[in-house]
Amino acid sequence: MKSIQTRIVLIITSIMIVVTLSLGLTATLRTNRILDEDSDRILNLTVDQSSREMDIMLGSVEQSVRTIYNYAEKRAETYRNFLSDETERRKLIYDISELGKSIAESTPGAITVYLRYDPEEFGPTEGFWYTINTNDGSWNSAEPTDLSLYPKDDIEHVGWYYIPIETGEPLWMNPYFNKNLGIDMISYIIPYYHDGHTVGVIGMDIDISILRNYTANIKLYESGRAYLVSPQGDIIFHFDYPEGVKSKDLTEDLMPFINGTINSPVDEVRTITGIDGVKTKVIKKRLRNGMILGLNATVDEINMPQNILARNLLLLSLLILVLAIGVCLAWIRTVIAPLKRMTQVAEHYAAGDYNENIDTNGSDEIGILSRSLQTMSTSLKKQIEIADTANRSKSIFLANMSHEIRTPINAILGFDEMILRESSEEEVKAYAANIKNSGKTLLALINEILDFSKIESGKLEIDPVEYDTALLINDMLDMIEFRAGEKDLKIFHDIDENIPSKLFGDDIRLREIFTNLLTNAVKYTNTGGVTLSIKVLSSDADKVRLHASVSDTGIGIKEEDKEHIWDSFQRLDSKHNRGIEGTGLGLAITHKYIELMGSTLKFDSEYGHGSNFYFDLDQPIIDPAPIGDFEKKRKGLHKSVEIYKEGFEAPDAHILLVDDVLLNLTVFKGLLKNTRINIDTATSGREAIGKMRAFKYDIVFLDHMMPEMDGIETMSHILEDKDIDIEGVPIIALTANAITGAQKMYIDNGFTDYLSKPVVPSKLEELLRKYLPDDKIKAKQISTP
Ligand code: ADP
């Protein structure tokens with residue numbers, strides 16, 4: 001998923017690219033057209049200008065010949081004399097020739113000037129023919145061509161005379177090569193008549209190279225070149241053929257050029273493929289002598305400026321695009337930055353941290369959003385506070401309830417224990433045993449609810465200590481065998497003999513985990529058995545990884561119920577489980593404990609066939625010696641328990657018992673009746689302190705929950721009181737506060753140990769054995785309940 005910023009950038013960039021490209025493209029196309037039209041115009045203008053200049057030059061030749069002609073016309077009255085009078089004729093010819101010569105001298109490019117009379121009237125050579133000496137520029141008379149030597153239709157030799165006579169119009173002759181002078185030339189000739197009689201022709205030849213030079217000097221761009229073609233299609237001048245090419249000599253490779261230029265219409269810009277295959281633009285003009293002046297330029301070169309312009313436009317477009325994107329990014333940032341900040345803050349809120357604040361000053365939508373977010377967090381904070389307060393009240397309520405419920409249970413179980421010990425009537429004992437069982441179940445339920453409330457308030461901690469593996473497993477099996485016996489179920493065990501003897505972990509929680517799983521297995525199994533299996537998966541010097549499983553052949557769990565298995569207060573398959581007691585908390589707590597130990601509780605179950613709950617567990621090793629054959633080990637353990645059950649006496653021992661509830665004092669004393677220990681009691685902290693000042697007890701049992709001054713407070717006074725000698729005096733907390741993790745709290749407050757209420761007699765005796773001075777304990781045969 002792309003971020004909003006990326007998406008906005010993408011959209012704006014795309015729009016900009018499209019707009020810039022279309023603007024750039026339109027501008028380029030438009031400029032291309034303008035430039036194209038411009039280049040046509042330039043081409044046209046250049047050739048137009050040149051053709052005009054060449055026409056002016058040709059016109060001046062025509063004017064020169066016409067001036068001579070006009071002069072001859074004016075002298076036409078002498079024509080009659082001219083016919084008869086040889087002298088007169090000579091004079092006239094001389095006069096005209098003198099004028100012609102001087103006019104030719106001032107006519108650029110003129111190389112001959114001549115007047116020829118009708119050969120039939122005046123003989124084949126009558127007239128004059130002046131030519132220029134190209135070396136010194138002097139004009140000399142030469143022998144006129146003998147017209148009688150050639151037939152009239154010999155255009156090459158005498159066409160210059162007969163064609164104008166026949167057409168009756170002044171005309172420009174085709175270029176021709178004058179062998180005598182070795183020059184390509186071109187003639188302008190005016191036919192001359194008088195009174196309906198043909199007189200002859202007056203003409204002038206000009207050097208064609210003047211036209212060639214002119215054409216050669218026409219340039220456009222780098223490659224733009226002009227060419228000149230005669231009306232007959234002979235190339236007079238071409239850049240590659242400066243001496244021209246006769247139409248009959250045109251070669252195949254010149255054909256594209258010929259077709260594109262010579263054959264194309266005049267006054268029109270055309271695009272053709274040049275001689276060397278290059279795309280070329282061409283324009284043509286017709287000169288007044290009928291010649292064609294053309295101008296070619298390659299399309300590439302003509303397009304060069306527009307290509308440069310297009311490139312510059314493109315670069316400019318890109319520059320604008322980059323700038324625009326930059327500006328847009330900067331702008332987006334100003335919009336996105338507050339959004340990003342809000343996202344961060346929202347993430348903090350989502351993670352439960354409501355202390356982050358946002359700037360809520362903006363008046364735009366973002367400002368409104370920020371304010372809404374801030375308001376939301378404030379009301380959330382409030383709601384959380386309300387919920388926390390409610391939860392705290394719940395925890396306090398639970399703790400109080402526990403105390404309140406446990407105190408009477410303490411008394412019930414205590415008195416029940418005394419009945420069990422002291423009654424000799426079997427029936428009464430059986431009732432008392434039932435009370436004991438139900439009382440224990442009630443306690444277990446309260447403990448579960450308390451543990452759960454602790455999980456909920458996040459106060460649950462793992463409290464690892466050193467523990468004896470075989471002992472723990474044995475206790476679990478003992479406990480469950482007892483319950484299984486009631487239902488005729490078999491308990492199997494498969495305990496790996498390589499399990500280290502002592503491990504480091506929270507044995508209290510481990511006991512709860514196994515108790516829950518084993519109890520459930522028994523609760524939800526009617527026939528067959530339950531197997532506890534503990535295997536070593538791997539181990540090294542410091543740590544062992546165990547795989548524990550509790551499997552049963554019970555009722556199993558329905559597929560649709562499996563997803564709710566860890567839910568708190570959730571009891572599955574209620575129809576079938578109605579008769580089975582439970583809170584629906586056991587697995588939720590167990591699951592959480594295992595999670596706190598860094599592992600996960602898993603299960604497989606088939607409805608109607610049984611279930612298997614299992615987990616892996618890493619435990620640091622304290623004593624790596626393997627437990628060996630567990631069954632053998634178990635027998636030894638049972639023996640030592642039996643010895644323990646034998647009890648003891650300590651008539652020299654003095655203990656102080658502090659509890660505000662008299663009933664508890666009575667139960668406690670009753671439980672220790674057989675030990676003959678001297679028991680002093682106090683019903684408040686103050687009283688206890690007084691007694692401790694007066695006497696140094698062997699052990700002090702100090703209740704936690706007391707009015708006025710509670711156990712913890714009393715403890716701190718005891719520690720500070722200089723009149724009390726507590727050196728070597730164990731002070732044990734008595735607590736109904738059965739929430740797990742209590743032990744650490746008491747030890748941190750200066751207590752030596754703690755004993756949970758209702759007091760379990762065996763636990764009490766164990767503590768006494770542990771803390772009373774050895775010399776005051778005497779073994780005693782007492783009857784066990
Ligand atoms: P409960 O106090 O009801 O036993 P748990 O949290 O221990 O609560 O178990 C939740 C539910 O899971 C039980 O109500 C029962 O339906 C089911 N369950 C737990 N263990 C087993 C088992 N070994 N076999 C069948 N169902 C079980």
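Helix α16 (residues 662-671) makes the greatest contribution to the lining of the second largest cavity, supplying four residues; helices here are DSSP runs of H or I with at least four residues, strands are E runs of at least two, and both are numbered from the N terminus. The model is predicted, with pLDDT of at least 70 required for local features and 80 or more for side-chain atom pairs, whereas totals for chains, interfaces and linings use all residues. Residues are numbered from 1 along each chain as its sequence is written, and side-chain values use heavy atoms, leaving out hydrogens and water.

The second largest cavity holds about 50 Å³ of space. A cavity is a set of points, on a 1 Å grid over the protein atoms alone, where a 1.4 Å probe fits but cannot get out; a pocket is an open set with protein on both sides within 12 Å along at least five of seven lines, and lining residues have an atom within 4 Å of a point. Points are joined across faces, edges and corners, and a volume is the space filled by probe spheres set on them. Residues lining the second largest cavity include Asn-410, Asp-659, Phe-668 and Lys-757. By class, this lining has six nonpolar, two polar and two charged residues, where Ala, Val, Leu, Ile, Met, Phe, Trp, Tyr, Cys and Pro count as nonpolar, Asp, Glu, Lys and Arg as charged, and the others, Gly among them, as polar.

Four cavities of 30 Å³ or more are present in the structure. The largest cavity contains about 120 Å³ and is lined by 13 residues, with Tyr-467, Phe-514, Ile-534, Leu-546 and Leu-617 nearest its centre. At least two lining residues each come from α11 (469-487), α12 (507-523), β18 (543-552) and β20 (610-626). Eleven residues of the lining of the largest cavity are nonpolar, two are polar and none is charged.

The largest share, five residues, is provided by α5. The lining of this pocket has eleven nonpolar, eight polar and seven charged residues.

The axes of helices α1 (residues 4-74) and α6 (residues 208-216) come within 11 Å and cross at roughly 160°. The contact (heavy atoms within 4.5 Å) involves Met-54 and Met-57 of α1 and Leu-211 and Tyr-214 of α6, among others.

Notes: Axes fitted to C-alpha atoms, helices over the stretch in contact; angles between N-to-C directions.
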